[in-house]
Amino acid sequence: MPQYFLRVSQGTYSGGPDHAFESADQNAAWVEMTKVGGDFIGTACRNLDQNAGWSMELLDANKKCTGRIRLVAEKLS
């Protein structure tokens, strides 16, 4: 089975994709990322500064980004 990685970034922090997970294909890996991202998003949102962002990236076995979930906090005035 193909291997995939998740990389989480918030502000200047970017977690290294060290732990691979196996998934049948990229679509199944995307579903897994959305499940994991759903678990993270509440905490990320509560800790997000104004004009900052949070993201989770799906990386293939070569650690090339194949998909991304982003949360952006923008102060408009």
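A salt bridge, as I use the term today, is a side-chain nitrogen of Lys or Arg within 4 Å of a carboxyl oxygen of Asp or Glu. Before I apply that, please keep in mind that this is a predicted model, in which local features need pLDDT of at least 70 and side-chain atom pairs count only at pLDDT 80 or more, while totals for chains, interfaces and linings use all residues. Residues are numbered from 1 along each chain as its sequence is written, and side-chain values use heavy atoms, with hydrogens and water left out.

One joins the side chains of Arg-68 and Glu-57, at 3.0 Å from N to O. Because Arg-68 belongs to strand E5 (residues 65–73) and Glu-57 to strand E4, this pair ties together parts that are 11 residues apart in sequence; strands here are DSSP runs of at least two residues marked E, numbered from the N terminus.

Glu-57 also meets the side chain of Arg-7 in a salt bridge, at 2.7 Å from N to O. Here Arg-7 sits in strand E1 (residues 3–10) and Glu-57 in strand E4 (residues 52–59), so the parts tied together are 50 residues apart in sequence.

How values were computed
Helices (H or I, at least four residues) and strands (E, at least two) are DSSP runs, numbered from the N terminus.
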